Amino acid sequence: MYSSKEYLKHTSLFILTLIATTLAGGEWVYGKSVLGEGESALTWEYFIKSLSFSIPFIGILLIHELGHLFTSIYHKVKCSLPFFIPAWFGFIGIPSIGTFGAVIRMKGFVNSRKKFFDIGVAGPLAGFIIALGVLIYGFSTLPPADYIYEIHPEYADPNFEGYGEEVLNFALGDNLLFWGLGEIFADPERLPAMDEVIHYPFLFAGYFALFFTALNLLPIGQLDGGHVVFGLFPKHHRQISFVVYTAFLFYAGLGMISPFMPYEDLVLRLPLYLGFLFICYQRSGLPLQTRITLILCMGAIQYLIAYLFPTIEGYQGWLFFGFLLGRVMGIRHPEVSGFRKLDTKRQWIGWLAILIFLVCFTPQPFVFN
């Protein structure tokens, strides 16, 4: 089915991604880097230790993509092997998790709503099951509370009062599932704060698995969640995708324009932001006048919210993903003939996928202070 050249290419990308995420894991979990010196250098010992992050993380991504692959093969829809995308930037001092994820490219025509649904939902469900196991194991086997002193010995100093304003504090945002599993399976005395989870490889890997699962299950366009909505709501999936995408962009842009900004900043930012929204909706299928009206209304309402509730802000990190969805991928799902509903079993699976999205989604996944 696949040529030896394809197997070599995809296997090479997988190995490179595993190495990249292991290097990234060393930086996050243990504070070790190939660019470091002395105690901060990444040795072979810590490279091997960092596999405790990279193997479960990449393993979950692999299971996710294999779910798509095997379901495509079952439905006789041609597709590529998983493309893993390595992305380690430690050599120039930029933190990363070692990968941009993995994708499968569909090569064949999908001619039914059922096939779209099955292929779309199989990946997130398969990956989610493994991620759930990794997190339960991680929470159930937390090291003693003083483990953190091995990473940050300065914490043991009674005179330590923090790193000061010159150091940017980083924390992971919580979601319902991550919080709930911690409450159920973790020893409260060993449970790390969200700004220390990065030092616990299984929790860190599981957290990112939930992050990617939620992204894929957004009910927009041709994302996995878009396939789910396409199957569950054959007559209304376009409206649902458009509304969810608009709400996603609206939340992301809260705080981008505010009456409390310096006037010169607002004058510069306002047209740039509205222009960005205009570009995001270029593939929405809306008439030009409707598109302009929509983005002006969004900007006006966001400005009003900033005036009435100055402390409310969205998560501007989502804006780039919103751009990719709107301009690159598109927010409309390709149609198939007919409006036949899915059978009852698939409908239950579809609603389960929506529930998984809700408990995995983190409004502010990465918090910088």
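Guide: Helices here are DSSP runs of H or I with at least four residues, numbered from the N terminus. This is a predicted model, in which local features need pLDDT of at least 70 and side-chain atom pairs count only at pLDDT 80 or more, while totals for chains, interfaces and linings use all residues. Residues are numbered from 1 along each chain as its sequence is written, and side-chain values use heavy atoms, leaving out hydrogens and water.

H6 has the largest share of the lining, with four residues. Sorted by class, the lining of the second largest cavity has four nonpolar, four polar and no charged residues. Nonpolar here covers Ala, Val, Leu, Ile, Met, Phe, Trp, Tyr, Cys and Pro, charged covers Asp, Glu, Lys and Arg, and the others, Gly among them, are polar.

The model has three cavities of 30 Å³ or more. The largest cavity contains about 50 Å³ of space. Around the largest cavity stand Pro219, Ile220, Gly221, Gly226, Val229, Phe230, His237, Arg238, Ser241, Ile331, Arg332 and His333. Helix H7 (224–232) and helix H8 (237–253) each give at least two residues to that lining. The lining of the largest cavity divides into five nonpolar, five polar and two charged residues.

H8 also packs against H10, at an angle of about 40 degrees and with the axes 10 Å apart. Axes are lines fitted to C-alpha atoms over the stretch in contact, and angles run from 0 to 180 degrees between N-to-C directions. H8 and H10 are therefore oblique to each other, oblique being what remains after roughly parallel (under 35 degrees), roughly antiparallel (over 145) and roughly perpendicular (65 to 115). H8 crosses H10 in a right-handed way, with the near helix turned clockwise from the far one by less than a right angle. In contact (heavy atoms within 4.5 Å) are Phe242, Thr246, Leu249, Phe250 and Gly253 of H8 with Leu294, Met298, Ile301, Gln302 and Ile305 of H10. Seven residues of this contact are nonpolar, three are polar and none is charged.

H10 (residues 288–308) has another neighbour in H9 (residues 263–280): their axes come within 10 Å and cross at roughly 135 degrees. H9 and H10 are therefore oblique to each other, and their crossing is right-handed. From H9, Leu266, Tyr273, Leu274, Leu277 and Phe278 meet H10 residues that include Met298 and Gln302. By class, the contact of H9 with H10 has eleven nonpolar, two polar and one charged residues.

Another packed pair is H3 (residues 113–140) and H5 (residues 176–185), at an angle of about 40 degrees with their axes 9 Å apart. That angle makes H3 oblique to H5. The crossing of H3 and H5 is right-handed. Phe128, Leu132, Leu135, Ile136, Phe139 and Ser140 of H3 touch Leu177, Phe178, Leu181, Gly182 and Phe185 of H5. The contact of H3 with H5 has nine nonpolar residues, two polar and no charged.

Key:
1 Å grid on protein atoms, 1.4 Å probe; cavity = no way out; pocket = protein on both sides within 12 Å on 5 of 7 lines; lining within 4 Å. Points joined across faces, edges and corners; volume = space filled by probe spheres on them.
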